[in-house]
Amino acid sequence: PNWENSTTVKAGDQQLISKAEAWFKTMAGYLEKGKGDVFMNSLLNAESLVYQLNYFTPEKALAQHKQWKDYINKGGLKLAGMDNAKIEIVGNGKLLHLLNPSGEGAIAILHGSRRTIFDIFLHFPDGKSEPEAILFNMLEY
């Protein structure tokens, strides 16, 4: 997949922005409900594009993917609030991601004083009306 072949989203395009917001809320719901399989599988294409940037072998990337699925499937995760999160349009209008007021990815699992942030970038492939993940970064601090 290549976001150059994606629909350009303009700041005032509420239809596409609303679809992206709904996608992110659905993903947060998967985390809250312990649905690791569906959450991580929704990111699989995006993961496959960036695993080499993280210096993973394909085997290590698949093992990490499975570990995250298993972790989420256990349930009981607490998420940071997403109430004040906003969609940001980047990548020449081709990519959308959800940011909290601090400018971080807004889907975050809380672990006591630590957090894991999923910064997911969506695009609307040309000819499709629903967004899909195309890039995915994860940060823990």
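Start by selecting phenylalanine 24, which counts as buried because its relative accessibility is 2%, under the 20% limit. The structure on screen is a predicted model.

By the distance rule for ring centres, the model has 5 aromatic pairs. In the pair of tryptophan 23 and phenylalanine 24, the ring centres lie 5.3 Å apart and the planes stand at 90°, so the pair is edge-to-face.

Move to phenylalanine 39 and phenylalanine 118. These two rings also form an edge-to-face pair, with 5.2 Å from centre to centre and 80° between the planes. Phenylalanine 39 sits in helix 2 (residues 36-42) and phenylalanine 118 in strand 5 (residues 114-123), so colouring by element shows a pair that links distant parts of the chain, 79 residues apart. Phenylalanine 39 is buried, at 0% relative accessibility, and phenylalanine 118 is buried with a relative accessible area of 1%.

Now show helix 1, residues 14-32. Helix 1 has 19 residues and spans 26 Å from first to last C-alpha, close to the expected 27 Å. Its buried residues include Leu16, Ala20, Met27 and Leu31. After the helix comes glycine 34, with a positive phi near 70°.

Within helix 1, pick isoleucine 17. Isoleucine 17 is buried, with a relative accessible area of 7%. Leaving out residues up to four places away in sequence, isoleucine 17 touches Val9, Lys10, Ala11, Ile87, Ile89 and Leu96. A C-alpha to C-alpha distance drawn from isoleucine 17 to leucine 135 reads 17 Å, for a separation of 118 residues in sequence.

Which residues have the most contacts inside the largest nonpolar core? Select Leu43 and Ile120; the core they belong to has 31 residues. Elements giving two or more residues to this core include helix 1, helix 4 (58-73), strand 3 (95-99) and strand 6 (132-140). Helix 1 provides the largest share, 8 residues. Centre the view on isoleucine 120 and show its contacts: beyond neighbours within four places in sequence, they include Trp23, Phe24, Leu43, His97, Ile107 and Phe136. Another core, of 5 residues, lies apart from the largest one, and Val50, Leu95, Phe121 and Leu135 are among its members.

Finish with the charged side chains, where the count comes to 3 salt bridges. Select lysine 19 and glutamate 130, whose closest N and O atoms are 3.4 Å apart. Lysine 19 is partly exposed at 22% relative accessibility, and glutamate 130 is partly exposed at 46%.

Then select aspartate 37 and lysine 69, which meet in a salt bridge with an N to O distance of 3.8 Å. Aspartate 37 is in helix 2 and lysine 69 in helix 4, 32 residues apart.

The last stop is aspartate 70 with lysine 66, a salt bridge whose closest N and O atoms are 2.7 Å apart. Both residues lie in helix 4, 4 residues apart, about one turn of the helix. Aspartate 70 is partly exposed at 33% relative accessibility, and lysine 66 is partly exposed at 48%.

Note on methods
Residues are numbered from 1 along each chain as its sequence is written. Side-chain values use heavy atoms; hydrogens and water are left out. The expected span of a helix is 1.5 Å times one less than its number of residues. Buried means under 20% relative accessible area, exposed over 50%, partly exposed in between (1.4 Å probe, protein chains only). Rings of Phe, Tyr and Trp (its six-membered ring) pair if their centres lie within 6.5 Å; planes under 30 degrees apart count as stacked, over 60 as edge-to-face and the rest as tilted. A nonpolar core is a set of buried Ala, Val, Leu, Ile, Met, Phe, Trp, Tyr and Cys residues joined through side-chain atoms within 4.5 Å. Contact means heavy atoms within 4.5 Å. A salt bridge is a side-chain nitrogen of Lys or Arg within 4 Å of a carboxyl oxygen of Asp or Glu.
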